[in-house]
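Open the model in your viewer and keep the selection tool at hand.

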Amino acid sequence: MTDNAIFLGKSTRPEVLYLGMANRHGLITGATGTGKTVTLQILAESFAAAGVPVFAADVKGDLSGIAMQGEPKDWVMERAKLVGLKDFDQHATPTIFWDLFGKQGHPIRTTITEMGPLMLSRLMGLTEAQEGALNIAFKIADEEGLALLDLKDLRALLKDLADRGKKITTDYGNINDQTIGAIQRRLVVIDEQGGDQFFGEPALDIKDFMRTTRDGRGYMNVLAADKLINAPQLYATFLLWLMSELFEQMPEVGDPDRPRLVFFFDEAHLLFQEAPPALIQKIEQTVKLIRSKGIGIYFVTQNPLDIPETVLAQMGNRVQHALRAYTPREQKAVQVAATTFRPNPRFKTETAITELGKGEALVSVLDMKGVPTMVERTFIRPPSGRSGPITPEERARIMAASPVFGAYDNPVDRESAYEKLKTRAAAQADAAVAENTARVRTARTGAHTTTAAPRQRDSATDRFVKNMAGTVGRQLGTTVARSIGNALVRGILGGLTRR
């Protein structure tokens, strides 16, 4: 270390990375076993020693040793002597361990709302139609004040939209049951990958990645990713979300004398694997603009072809370990890597890439004027911390002494979309029951009002009396009619006789 540079190793001269150019991003590439992790570790140690906080994903578990003082192993001391480190200082770097699953570090969480529909669509691998439905869901949640914090909130919202799909079609467009069902199935996959632990509260405060110690050293933030890497979509989406959050939250600082934070993305090819053009464009834009916020991004991957050209063009500082050229694709990768360096007349870059030994690399960085230096074959310096993983007991002790201990370890489940929609559904169900009860009651009341009294059946005595009365009445009527008829006849006949 010097006041303004990090010592990387030795070629024909000491090779350094200037702190003032460190936010111009970088690339570490090389085949498996060529020393990429050691290069990442010495860069991280040096940045932290310069007061720059660092974040890195620990894919293989080897990076955790940075938290412990290194051991004077033979190869370490030989390399230190080779690169000219006479008084080689081995020391631990202050470290905070993180883990999306909360097993090997403090949990990292974010909310569904903070992740946003674009990132979620990438995470779930949604089609264009499904992504459109998800965007509608987010818009409705925002309009109705429904907080989307975890997966059960999103599931409840999607179910609610399916139940009232026809009612919202006019305002937002058609949302059919098949689309909602497909999204729900993808949520099950994310749940099985551990997404249920990633989404929730308390959500990560980005400022906790920016911590420094009392003596001015930056903290090394190590993400345990040995299990996370088995869920590549979750891993890639998390790193992309983290980069986007930093871009959105950090203020502009221009070109500081040293970065405010340095990010290392191991297995960086997963960020771009099967990513749609819109997402690639977003990554490219973020990488371009985030340097003005004092943040340096360093991609670590095996093959430079893993990185899109538009993103690769933003990488000003490069460390290229050995590549093998057994297949046509590997041969092309060697050619691509060679053409990205400023040539050195003393050797052929393309040939040198295939001849590099373990712990040796081609190095080209930006000088203080922002111009790439001539590529040099460089022996990389040894790490100051332990090379290899720490024990579970050592990890537990470091976590217990962490400055964020207790801040994220216990999940919080406050009222959100799930609870509100559940209450709404219960109220609607109660209202429906009350309305149905009132309808039945009204129908019964109306029936009693309009229906005639039931006819009572006569007894045998009543029927006999009525029959007798009818018979007597008929006989009496006949007798009277006869009497009247006879009287009329006699009257008529008598009148004729008198004449």
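**Stop one: helix α2**

Select helix α2 (residues 74-82), where the buried residues are V76, R79 and A80. These three sit on the same side of α2, because they cover an arc of only 105° around the axis, the arc being that of the directions from the helix axis to the C-beta atoms. Buried means under 20% relative accessible area and exposed over 50%, with partly exposed in between (1.4 Å probe, protein chains only). Helices (H or I, at least four residues) and strands (E, at least two) are DSSP runs, numbered from the N terminus.

This is a predicted model, in which local features need pLDDT of at least 70, side-chain atom pairs count only at pLDDT 80 or more, and totals for chains, interfaces and linings use all residues. Residues are numbered from 1 along each chain as its sequence is written, and side-chain values use heavy atoms, with hydrogens and water left out.

Now show β12 (376-380): the buried residues of α2 pack against it. Turn to the face of α2 away from its buried side to find the exposed residues D74, E78 and K81. Just after α2, G84 has a positive phi of about 90°.

**Stop two: helix α1**

Select α1 (residues 36-49). Of its 14 residues, 11 are buried, so α1 is largely enclosed by the rest of the structure. Among the buried ones are K36, L40, E45 and F47. G51 follows α1 and has a positive phi, near 90°.

**Stop three: around F299**

Select F299 and leave aside its neighbours within four places in sequence: its contacts (heavy atoms within 4.5 Å) include G26, F265, V287 and M315.
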